[in-house]
Amino acid sequence: MSQPRSELSSLLSRLPKVDQVLDQPALADSGWQRAIQKRLVTDALDALRAEVRDGKTPALPDAAALASRVRATLDDWSRPRPRPVINATGVLLHTNLGRAPLSPAARRAMVDAAGSCDLEVVLPTGQRGSRFTALLPLLRAVLHAEDAHVVNNNAAALLLACTVLGPPGGVVLSHGQMVEIGDGFRVATMAAAGGCPVIGVGSTNRTHPRDYEAALRGEAPGHEGRPASAILWAHRSNFEQSGFVREVELPALSEIARAHGVPLVADLGSGSLGGGLPEGEPTVMEYLQQGADLVLCSGDKLMGGPQAGIIAGKAELVQRCRRHPMARALRPDKTTLAALHATFAAHARPQGVPSLPLHQMATVSVTELRQRAEALASALAWPLPQAVVDSRATIGGGSLPGDTMDSVALRVPTKAPSRDAKRLRLGDPPVVGRIEDDALLLDLRSVDPHDDERLLHALRALQSR
């Protein structure tokens with residue numbers, strides 16, 4: 001119910017004036033522009049007035065209290081964001097926590113490139129060059145591809161490839177591969193975002209060669225008379241199908257594409273290059289060998305690098321994508337290119353497991369994890385063996401669905417798991433764990449061993465509360 005007019009006027013009159021708040025000592029040395037402070041004060045007062053008019057009776061702050069609130073917001077804004085956290089969820093590629101942690105070499109490369117750098121200049125001649133000149137030969141070699149191009153994420157790679165290669169007839173995509181990716185976006189929607197028609201064929205569980213061939217002849221239901229211009233294959237990286245299912249495998253689909261003279265674009269998504277990760281996920285090189293003309297993938301998933309989208313395959317098709325005006329809008333910045341170069345250099349070195357955090361987390365032994373867990377529990381005087389438990393970790397990031405691996409977790413002794421999970425998230429450093437069977441678990445497979453001391457500090461702070 002709304003307040004009576006006289007009561008409403010009385011409550012509103014008790015709110016401090018903007019200038020009164022701005023003149024408070026709490027804001028005097030904030031280091032922020034007065035115009036920014038005024039904006040926050042005005043927004044806070046508007047929110048309070050709205051609550052009063054809606055019939056609520058909030059505790060109305062005086063000028064000093066409101067200034068303290070604004071100062072707290074300004075102090076929070078002063079902290080660099082995003083903040084580093086300790087990922088103890090057991091999900092190695094946690095989308096909400098930044099996916100692949102970058103290697104020390106990639107971090108150094110980003111810092112070095114953050115200032116002035118030879119992004120688009122040829123130092124020997126002093127002439128302008130391409131920002132991709134140094135990176136592309138390395139990508140071609142590692143991926144065994146004729147050519148490659150880089151954009152700012154894999155959705156951008158899909159958008160660009162379909163916008164360039166899809167017209168005029170559109171791309172053919174099996175209904176069984178119309179995957180929903182993150183944040184409600186879908187492969188078919190992204191493919192069509194640049195104006196490329198998407199021709200869905202087959203059914204959710206079964207698609208046959210004849211379905212693709214009908215679309216390429218212009219005989220797909222609802223698209224009669226308009227032959228498709230390309231075939232799109234989308235790897236189902238974040239779910240599995242079983243039972244009465246069928247799909248046309250990539251080599252057979254390549255033969256269909258060649259017979260009709262259209263390109264085959266394969267959206268791999270995960271960006272796997274092999275290198276010691278769990279088996280079962282196809283690699284970029286395998287898709288190229290199986291006949292894909294272009295392969296699209298992410299840089300920040302199984303590749304273990306920064307957020308990026310990679311288009312690899314036939315030189316003529318890559319060049320068409322590179323020269324499209326949309327490519328400029330989707331190009332990555334200098335720090336991304338620097339981190340990607342360091343990541344591919346790690347993949348190119350002669351060793352079984354690349355020196356990348358993701359690969360190290362995925363391949364560390366359970367024995368080593370247990371030793372770390374027991375050392376942490378002993379330092380905290382937590383009872384053994386109750387505080388160290390077997391766990392199951394997963395790659396995450398939309399890769400290897402249902403594929404888990406043995407792990408070890410700390411079981412935090414608490415009677416209020418949700419409360420203490422929140423306290424850890426709000427601590428310094430923030431620690432993100434998981435609640436399972438009414439227990440707060442901190443899975444060490446996703447925790448960098450160099451962060452064990454920081455994790456110990458956070459847990460000691462939790463104990464002291």
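# Pairing, packing and burial in a predicted model

Visitor: What makes β5 and strand β11 (residues 309-313) a pair in this structure?

Guide: In this predicted model, β5 and β11 are joined by five bridges, in the antiparallel sense. Two strands pair when at least two bridges are found between them, so β5 and β11 meet the criterion. Within this pairing, V151 has G309 of β11 as its bridge partner.

Visitor: Which helix packs on the sheet at β5 and β11?

Guide: Helix α7 (residues 136-143) does, touching both β5 and β11. The direction of α7 makes about 120° with that of β5.

Visitor: What is the strand order of the open sheet that contains β5?

Guide: The open sheet has seven strands in the order β5-β11-β10-β9-β8-β6-β7, and the pairing is mixed.

Visitor: Why are β5 and β7 called edge strands?

Guide: β5 (147-151) and β7 (198-201) each have a single partner strand, so one side of each is left without a neighbour in the sheet. On average, neighbouring strands of this sheet are turned by 25° against each other, direction ignored.

Visitor: How do you know that the span of helix α15 (residues 334-348) agrees with its number of residues?

Guide: At 1.5 Å a residue, the 15 residues of α15 should span 21 Å.

Visitor: What makes α15 a mostly covered helix?

Guide: A residue is called buried when its relative accessible area is under 20%, and 12 of the 15 residues of α15 are buried. Among them are L337, L340, F344 and H347. The elements that cover the buried residues of α15 include α6 (104-114), α7, β5, β11 and α16 (357-363).

Visitor: How do α6 and α15 cross?

Guide: Their axes come within 8 Å and cross at roughly 150°, and the crossing is right-handed. On the α6 side the contact is made by A105, A106, A109, M110, A113 and A114, and on the α15 side by K334, T335, A338, A339, A342 and T343. By class, the contact of α6 with α15 has nine nonpolar, two polar and one charged residues.

Visitor: Which residues bring helix α17 (residues 366-379) into contact with helix α19 (residues 452-463)?

Guide: R372, L376 and A379 of α17 meet D452, L455, L456 and R460 of α19. The residues of this contact divide into four nonpolar, no polar and three charged. The axes of α17 and α19 come within 10 Å and cross at roughly 35°, and the crossing is right-handed.

Visitor: Why is E453 called exposed?

Guide: The relative accessible area of E453 is 59%. A residue is exposed when this value is over 50%, so E453 falls in the exposed class.

Visitor: What share of the contacts in the protein joins residues at least 24 apart in sequence?

Guide: Among contacts between residues at least 6 apart in sequence, the share is 72%.

Visitor: What are the overall figures for the protein?

Guide: The secondary structure comes to 19 helices and 16 strands. Buried residues make up 49% of the 465 residues. The C-alpha trace spans about 80 × 60 × 60 Å along its principal axes.

Conventions. Residues numbered from 1 in each chain as written. Predicted model: local features only at pLDDT ≥ 70, side-chain atom pairs only at ≥ 80, totals over all residues. Heavy atoms only, no water. Helix = DSSP H or I, 4+ residues; strand = E, 2+ residues; numbered from the N terminus. Axes fitted to C-alpha atoms, helices over the stretch in contact; angles between N-to-C directions. Contact = heavy atoms within 4.5 Å. Expected span 1.5 Å × (residues − 1). Buried < 20%, exposed > 50% of the residue type's maximum accessible area, 1.4 Å probe, protein only. Left-handed = near helix turned anticlockwise from the far one by under 90°. Nonpolar A, V, L, I, M, F, W, Y, C, P; charged D, E, K, R; others polar.
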